[in-house]
Amino acid sequence: LADLDQAQARLEDAQIISPISGALTDFNLAVGEQATLGAIVATIQTTDDMFQVSVNVAESDIVKITAEDEAEIILDAYGDDVPIYGYVSSIDPAEQNIEGVIFYEVLVFLNQEAYILDLKPGMSADVEMTTAEITGALSVSQRAVLENDLGQKYVRIPDGNRFKERLVSTGLRANGGKLEVLKGLEEGEDIIL
């Protein structure tokens, strides 16, 4: 009886259960072959249950992303006029080296309202994840903020035919190449790009 219990426990531990329903469209192992860490073993495609988007995020940005972060997905097939929303479901801890740059795979599940669209597996998408949000922040182009030899950040302010440097303290980086300025500038001041 103990042998039967152990055999059943081993069988349960050997099962791989898909997190989504769908059709198994590819299986990359032969019977008896062992899977390696990070290898794709099986591909399951669904068109009616839970769509997910796989995103490669650079190591410089991965520390800002956590599970449950909101995401906006723009599918190439539908364009900017049809944003789809979702959330980060998981972040793969194993790095991927793509052309000498380290990336991490992030899975984003789409919200239920996306299912009214005629979505197909393999569609291309741009994903924007919201990691922090501030309203009423003073921001400037990242190109306007420079760094001196001491590691201090500054902007250049017009001064007649010349300019003067003014130290600034910065905060969050935003979309569109914007950078939050915490101290050193006032709204409406001219700066040099």
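Start at Ile44, which is partly exposed, with a relative accessible area of 32%. This is a predicted model. Ile44 sits in strand S2, residues 42-45. Together with Ile44 they make a nonpolar surface patch of about 290 Å².

**Zoom out**

Show the whole protein as a cartoon. Two helices and 13 strands make up the fold. The radius of gyration is 24 Å, well over the 16 Å that the globule rule gives for 193 residues, so the protein is more spread out than a compact globule. Turn the model along its principal axes: the C-alpha trace spans about 90 × 40 × 30 Å. Colour by accessibility next. Of the 193 residues, 22% count as buried.

**The five-stranded sheet**

Select S3, S6, S5, S4 and S7. In that order they form an open sheet of five strands, with antiparallel pairing. Which strands stand at the edges? They are S3 (52-58) and S7 (125-130). Each has a single partner strand, so one side of each is left without a neighbour in the sheet. Look along the sheet to see the twist, which averages 40 degrees from one strand to the next.

Keep S7 and pick S4, residues 70-75. Six bridges join these two antiparallel strands. Click Glu70 to find one of the contacts: its bridge partner in S7 is Thr130.

**A loop residue**

Follow the chain on from S4. Asp80 lies in the loop between S4 and strand S5 (84-98). Is Asp80 buried or exposed? At 64% relative accessibility, Asp80 counts as exposed, because the cut-off for exposed is over 50%. Draw a distance from Asp80 to Leu172. The two are 92 residues apart in sequence, and their C-alpha atoms are 25 Å apart in space.

**Helix H1**

Go to helix H1, residues 2-14, and select Asp5 within it. Asp5 counts as partly exposed, at 44% relative accessibility.

**The hairpin**

Select strand S10 (residues 153-159) and strand S11 (residues 162-167). They run antiparallel and are joined by six bridges. Tyr154 has Leu167 as its bridge partner in S11. The two strands form a hairpin with two residues between them. Stop at Gly160 in the turn, which has a positive phi of about 70 degrees.

**The salt bridges**

Show side chains for the last stops. Side chains of opposite charge can pair when their charged atoms come close. How many salt bridges does the structure hold? There are two.

Select Asp61 and Lys64 for one of them. Their closest N and O atoms are 3.2 Å apart. Asp61 is partly exposed, with a relative accessible area of 35%. Lys64 also counts as partly exposed, at 41% relative accessibility.

Return to S11 for another. The side chains of Glu189 and Arg166 meet in a salt bridge at 2.7 Å, N to O. This pair links distant parts of the chain, 23 residues apart: Arg166 is in strand S11, while Glu189 is in the segment after strand S13 (178-183). Check the surface around both ends. Glu189 counts as partly exposed at 30% relative accessibility, and Arg166 counts as partly exposed at 26%.

Key. Residues numbered from 1 in each chain as written. Predicted model: local features only at pLDDT ≥ 70, side-chain atom pairs only at ≥ 80, totals over all residues. Heavy atoms only, no water. Patch = residues over 30% accessible without salt bridge, like charges linked within 9 Å, V, L, I, M, F, W, Y side chains within 5 Å. Areas by Shrake-Rupley, 256 points an atom, 1.4 Å probe, with all protein chains shown as cover. Salt bridge = Lys/Arg side-chain N within 4 Å of Asp/Glu carboxyl O. Helix = DSSP H or I, 4+ residues; strand = E, 2+ residues; numbered from the N terminus. Buried < 20%, exposed > 50% of the residue type's maximum accessible area, 1.4 Å probe, protein only. Pairing = 2+ DSSP bridges. Axes fitted to C-alpha atoms, helices over the stretch in contact; angles between N-to-C directions. Rg over C-alpha atoms; globule rule 2.2 N^0.38 Å.
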